[in-house]
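This report looks at a pocket and at the salt bridges of one protein model. The sequence and structure come first.

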Amino acid sequence: ELRGSLARIFLCLVLCLVLASASLAQAETPTQMTRQLIESMIACKGETGKIDQIDGAPAASCDVEKIEAHLALAELARWLMGPHWQALGEEKQQDFVALLVRLLREVAYPRAADFLSSNQIVYGKNHAEGKEAIVETALVDPEEGQVMINYRLHHIDGVWKVWDVQLDGV
């Protein structure tokens, strides 16, 4: 009976540790997620136009899956189409998301990488309310001054994801 009680206590401790570690792994702040996104983007520096003709993927140093893990692409696509989203139907919605992803991979990621890597990044405040957050950053160029960039995030399936970026308020 003592052996059974010890086994149950041990199982409870193991279960508590597993649950605690799982919640810690998902407890990333909006600022941490934004930092990871920016670091992943900077890794794409110099990749503009260097698309592998075999599979259409960017060069190896540009890990688009890591970038896209930080982005709410489906929400962005829905937001971009506005009231027309529902009228598209599921097949055309998927086509639009695929087109958006291709545009981001071929143009936006490499250009953002060059822009981000050529400036000092200063992280500001993190405003979170419910399932929405804004992370303030500033890019500082000694010659051209400062550009404010705010990242808007949504908490989706236990993870913060960027769905909008405001450059100097736009």
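## Residue classes and the model

Ala, Val, Leu, Ile, Met, Phe, Trp, Tyr, Cys and Pro count as nonpolar, Asp, Glu, Lys and Arg as charged, and the others, Gly among them, as polar. The model described here is predicted.

## The largest pocket

The largest pocket holds about 630 Å³ of space. Its lining is made up of 25 residues, and M41, L104, A108, A112 and V165 lie nearest the centre. By class, 23 of the lining residues are nonpolar, 2 are charged and no residue is polar.

Two or more lining residues come from each of α2 (30–42), α4 (73–81), α6 (90–117), β3 (145–156) and β4 (159–167). Helix α6 gives the most, with 8 residues.

## Salt bridges within and from α6

The structure has 3 salt bridges. In one of them, R105 pairs with E68, with 2.9 Å between the closest N and O atoms. This pair links distant parts of the chain, since R105 is in helix α6 and E68 is in helix α3 (residues 64–68), 37 residues apart. R105 is partly exposed at 23% relative accessible area, whereas E68 is buried at 14%.

E106 and R102 form another salt bridge, the closest N and O atoms being 2.9 Å apart. These two residues are 4 apart in helix α6, so about one helical turn separates them. E106 is partly exposed at 30%, and R102 is exposed at 52%.

## A salt bridge between strands

D164 and R152 also meet in a salt bridge, at 3.1 Å from N to O. Because D164 lies in strand β4 and R152 in strand β3, the pair ties together parts 12 residues apart in sequence. D164 is buried, with a relative accessible area of 15%, while R152 is partly exposed at 23%.

How values were computed: Residues numbered from 1 in each chain as written. Predicted model: local features only at pLDDT ≥ 70, side-chain atom pairs only at ≥ 80, totals over all residues. Heavy atoms only, no water. 1 Å grid on protein atoms, 1.4 Å probe; cavity = no way out; pocket = protein on both sides within 12 Å on 5 of 7 lines; lining within 4 Å. Points joined across faces, edges and corners; volume = space filled by probe spheres on them. Salt bridge = Lys/Arg side-chain N within 4 Å of Asp/Glu carboxyl O. Buried < 20%, exposed > 50% of the residue type's maximum accessible area, 1.4 Å probe, protein only.
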